[in-house]
Amino acid sequence: MMSNKHNDHIHDSELINYIKSVPESEPPIDFTRSVMQQLAPKKVPFWRKLLSWFTNPVSVSFSPAKVAGGLTAAVILIMVGFIWGADSTKNDQSSAIRFIMNDPAKEARSVSVIGSFNNWKPEGGSMRYDAEAGYWILESSLPPGNHEYSFLIDGKKIQLDPRAPMIRDDGFGNRNSMILVSDSNEQHL
């Protein structure tokens, strides 16, 4: 009795010999077109296309010349944005703001306004004392936005503005008074 392996080998060799004996011929010229016409296009649902778009990898290729051109265009756009932004800030008008700290007995020798608008430095924020009114005053102009500030008394002591209705914690254990300046040159507290 012969094994199945031997029978498989005989069938394989017969098949190989048959294939070798078949004459070679070229398919008809319109063979591909006729086969493709008989195949109905498969309609893929939208959700499957979307899923495929999200899950299939995408290869990206670039050339140094295209990258250089893109970078040049990006730099030009950024520069135009800065120039346009600088021109638009010239049109923004600052609002006149009056800071007042009551001190009827003139206990302080000097008072300055320090805040987010002057990098928390007393230079340029010195207040003058009005003896008749009994308070320190500084008239300044601020751009629109939210500004934090405090009074610096005698160069050492920082004090909140007791007249400011809004106080903000700066996240470092300090609290600051707040002033809101709108675009319409109005001061809101």
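Accessible areas here come from the Shrake-Rupley method with a 1.4 Å probe, and for residues only the protein chains shown count as cover. On that basis, the protein exposes about 15400 Å², with carbon and sulfur atoms supplying 58% of it. Keep in mind that this is a predicted model: local features need pLDDT of at least 70, side-chain atom pairs count only at pLDDT 80 or more, and totals for chains, interfaces and linings use all residues. Residues are numbered from 1 along each chain as its sequence is written, and side-chain values use heavy atoms, with hydrogens and water left out.

**Overall layout**

- The protein has four helices and nine strands; these are DSSP runs numbered from the N terminus, with helices being H or I of at least four residues and strands E of at least two.
- Starting at the N terminus, the order is α-α-α-α-β-β-β-β-β-β-β-β-β.
- Of the 189 residues, 19% are buried (buried is under 20% relative accessible area, exposed is over 50%, and partly exposed is in between, using a 1.4 Å probe and protein chains only).
- Take the contacts (heavy atoms within 4.5 Å) between residues at least 6 apart in sequence: 64% of them join residues at least 24 apart.

**The nonpolar core**

- A nonpolar core is a set of buried Ala, Val, Leu, Ile, Met, Phe, Trp, Tyr and Cys residues joined through side-chain atoms within 4.5 Å.
- The largest one has 17 residues, and Phe99, Val111, Met127 and Phe151 have the most contacts inside it.
- At least two residues of this core come from each of β1 (95-102), β2 (111-115), β4 (135-142), β5 (145-153) and β8 (175-181).
- Leaving out residues up to four places away in sequence, Val111 touches several partners, including Met127, Trp136 and Phe151.

**Two buried polar residues**

- Asp103 sits in the loop between β1 and β2, and with 7% relative accessibility it counts as buried.
- A polar atom of the Asp103 side chain lies 3.1 Å from the backbone nitrogen of Ala108.
- Asp103 and Trp136 are 33 residues apart along the chain, yet their C-alpha atoms are separated by 6.9 Å.
- Ser150 belongs to strand β5 and is buried, at 1% relative accessible area.
- The Ser150 side chain makes a polar contact with the side chain of Asn176 (3.4 Å); a polar contact is a pair of N or O atoms within 3.5 Å, where within protein one must be able to donate a hydrogen and the other to accept it, and residues adjacent in sequence count only if both atoms are side-chain atoms.

**Salt bridges**

- The count comes to three salt bridges, each meaning a side-chain nitrogen of Lys or Arg within 4 Å of a carboxyl oxygen of Asp or Glu.
- Arg33 pairs with Asp30 (3.5 Å, N to O).
- Glu139 meets Arg98 (2.7 Å, N to O); Glu139 is in strand β4 and Arg98 in strand β1, so this pair ties together parts 41 residues apart in sequence.
- Glu148 pairs with Arg168, their closest N and O atoms being 3.1 Å apart; Glu148 lies in β5 and Arg168 in β7 (residues 167-169), so they tie together parts 20 residues apart in sequence.
- Glu148 is buried, at 14% relative accessible area, whereas Arg168 is partly exposed, at 42%.
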